[in-house]
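User: I would like to go through this model with you, one topic at a time. Please keep the answers plain.

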Amino acid sequence: MASFEESLARGTLWAFATAFGSGVATSFTGCVYPMIPITVSIFGAKSARSRGQAFLLATCYVMGIAVMYATLGVLAALAGWAAGNLLASPWVIVPLCGLFVALAASMLGLWEIRLPAALQNRMALIGGHGYRGAFAMGLVGGILIAPCAGAWLGGLLGYVAATRNVFLGGGLLFTYALGIGLLFWVIATSAVSLPKSGGWMDSVKSALGVALLVATLYYLQNVLAPLARYTSGSWRFAGLNLALAVAGIAVGGLHLTYHGAGALTALRKTVGVLALSVGLFGVVNFAFTSDTKLPWLYEESVALERAKRHQKPLLIDVWARWCIPCKEMESKVLADAAVRRELGRFVMFKADVTEDTAAVRALRQRYRAAEIPLLIALDSEGRERMRVGKIDSADELLTLLRRVP
């Protein structure tokens with residue numbers, strides 16, 4: 001998901017903080033808010049013998065939600081390469097993005113996607129009382145929340161599938177669920193009154209809808225070349241897109257609503273949403289792009305011939321457009337000044353494995369590239385001297401490169 005990708009580019013702690021904050025935002029949407037009085041009364045927080053017991057009951061409930069979502073994150077990460085290949089197929093991307101747009105339209109107020117009230121009430125009866133009952137209710141609560149959480153879950157699960165990091169996937173989804181549960185902890189252990197619903201809830205839902213539209217643009221760039229070219233590592237590009245996003249907010253992308261709106265208000269809302277989405281999409285692409293141009297060769301035969309003729313070592317970067325860690329590694333590690341100087345003695349071949357073709361499968365087999373990102377270094381005699389997956393430290397990569405004769 002776009003906001004998580006941008007945050008992870010700034011550091012893992014930022015990504016987890018964003019996940020938690022997104023969960024808090026989700027807890028104030030239409031699918032969660034009406035559940036609060038029902039769920040609190042079911043797991044008995046209001047009638048608990050002490051605030052400590054109420055806190056434990058609320059914790060069991062939140063853990064049920066967290067376990068459900070963390071499981072989804074782990075499964076998405078385990079999908080690995082297969083999930084990545086799917087994210088490069090128009091037959092998967094286009095329907096998936098169509099679903100994202102439909103969910104975004106719901107979040108923006110064009111229509112509502114909710115479980116029927118009768119089904120919500122029936123599912124709410126599952127679990128009973130006590131700690132086990134509270135945990136079971138949390139598992140059910142995750143299902144009830146899904147129509148509103150979908151705005152984050154869809155993009156976040158797609159992102160986790162692309163990273164193929166089981167611990168990161170489970171951890172981000174678990175943290176996201178803790179953010180959702182914060183409100184339940186507060187209500188269960190205090191007498192705090194809930195704020196009245198109003199325009200602020202529409203703004204929260206609009207923000208979630210915009211986030212999903214940004215995710216849609218991000219995934220569509222795998223199949224639409226103009227979107228893939230909409231990027232730059234220059235601060236001017238980042239500033240223009242940030243200004244576009246701010247203009248979208250000012251026009252009314254977040255605070256205006258389609259409910260009972262006239263034609264002019266609806267137009268302002270639409271223009272604001274589009275400007276905000278495109279601006280944030282540009283900022284996200286900026287985060288994964290470096291202005292530093294490395295001398296990559298894209299034809300394997302040319303790279304091998306040049307390395308042999310000049311008796312130089314060869315660096316092979318196995319890469320795909322849908323691979324988020326690949327982009328992070330190029331913009332943050334390979335673009336480092338000291339690394340670039342060391343790479344000056346290498347011939348550099350970028351092996352693009354975005355498309356799942358016979359030629360790409362053969363190339364992956366030759367280099368035993370079952371997982372990406374992958375950097376391989378061959379010495380001047382053509383012997384493999386380095387093989388490393390995702391690497392976050394420029395100093396670590398520099399040490400490995402200097403060992404290649």
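User: To begin, in which loop does Asp379 lie?
Analyst: This is a predicted model. In it, Asp379 lies in the loop that runs between strand E4 (374–378) and strand E5 (384–388).

User: Is Asp379 buried or exposed?
Analyst: Asp379 is buried, its relative accessible area being 3%.

User: Which residues is Asp379 in contact with, leaving aside its neighbours within four places in sequence?
Analyst: With those neighbours left aside, Asp379 is in contact with Lys312, Pro313, Arg385, Val404 and Pro405.

User: And which side chain meets Asp379 in a salt bridge?
Analyst: That of Arg383, with an N to O distance of 3.1 Å. Arg383 counts as partly exposed at 46% relative accessibility, whereas Asp379 counts as buried at 3%.

User: How many salt bridges does the count come to?
Analyst: The count comes to nine salt bridges. One of them joins Asp317 and Lys350, whose closest N and O atoms are 2.7 Å apart.

User: Are Asp317 and Lys350 buried or exposed?
Analyst: Both Asp317 and Lys350 are buried.

User: Which residues are linked with them in a network of salt bridges?
Analyst: Glu330 joins Asp317 and Lys350 in that network.

User: What about Glu342, which residue does it form a salt bridge with?
Analyst: Glu342 forms a salt bridge with Arg345, and the closest N and O atoms are 2.7 Å apart. Glu342 counts as buried at 15% relative accessibility. Arg345 is partly exposed, with a relative accessible area of 29%.

User: Changing topic to the helices: how do the axes of H12 and H13 cross?
Analyst: Helix H12 (residues 235–251) and helix H13 (residues 263–287) have axes that come within 7 Å and cross at roughly 155°. That angle makes H12 roughly antiparallel to H13. The crossing is left-handed.

User: Which residues make the contact?
Analyst: On the H12 side, the contact is made by Trp235, Phe237, Ala238, Asn241, Leu242, Leu244, Ala245, Gly248, Ile249, Ala250 and Val251. On the H13 side, the residues are Arg268, Val271, Gly272, Ala275, Leu276, Val278, Gly279, Leu280, Gly282, Val283 and Phe286.

User: How do those residues divide into nonpolar, polar and charged?
Analyst: The contact of H12 with H13 has 16 nonpolar residues, five polar residues and one charged residue.

User: How many residues of H15 are buried?
Analyst: Helix H15 (residues 324–334) is mostly covered, with nine of its eleven residues buried. The buried residues of H15 are Ile324, Pro325, Cys326, Lys327, Glu328, Met329, Ser331, Val333 and Leu334.

User: Next, where is the place of Ser203?
Analyst: Ser203 is in helix H10 (residues 199–220). At 24% relative accessibility, Ser203 counts as partly exposed. Neighbours within four places in sequence aside, Ser203 is in contact with Leu254 and His255.

User: What separates the C-alpha atoms of Ser203 and Met107?
Analyst: The two C-alpha atoms are separated by 9.5 Å, while Ser203 and Met107 are 96 residues apart along the chain.

User: On to the backbone: what is phi of Gln311?
Analyst: Phi of Gln311 is near 50°, which is a positive value in a residue other than glycine. Gln311 is in the loop between helix H14 (300–310) and E2, and at 62% relative accessibility Gln311 counts as exposed.

User: And what is phi of Arg368?
Analyst: For Arg368, another residue other than glycine, phi has a positive value near 50°. Arg368 lies in the loop between helix H17 (358–366) and E4. Arg368 counts as exposed at 55% relative accessibility.

User: Finally, what does the secondary structure of the protein come to?
Analyst: The protein has 18 helices and five strands. Of its 405 residues, 52% count as buried. Among contacts between residues at least 6 apart in sequence, 78% join residues at least 24 apart.

How values were computed: Residues are numbered from 1 along each chain as its sequence is written. This is a predicted model: local features need pLDDT of at least 70, side-chain atom pairs count only at pLDDT 80 or more; totals for chains, interfaces and linings use all residues. Side-chain values use heavy atoms; hydrogens and water are left out. Axes are lines fitted to C-alpha atoms, for helices over the stretch in contact, and angles run from 0 to 180 degrees between N-to-C directions. Helices (H or I, at least four residues) and strands (E, at least two) are DSSP runs, numbered from the N terminus. Angles under 35 degrees count as roughly parallel, over 145 as roughly antiparallel, 65 to 115 as roughly perpendicular and the rest as oblique. A crossing is left-handed if the near helix is turned anticlockwise from the far one by less than a right angle, and right-handed if clockwise. Contact means heavy atoms within 4.5 Å. Ala, Val, Leu, Ile, Met, Phe, Trp, Tyr, Cys and Pro count as nonpolar, Asp, Glu, Lys and Arg as charged, and the others, Gly among them, as polar. A salt bridge is a side-chain nitrogen of Lys or Arg within 4 Å of a carboxyl oxygen of Asp or Glu. Buried means under 20% relative accessible area, exposed over 50%, partly exposed in between (1.4 Å probe, protein chains only).
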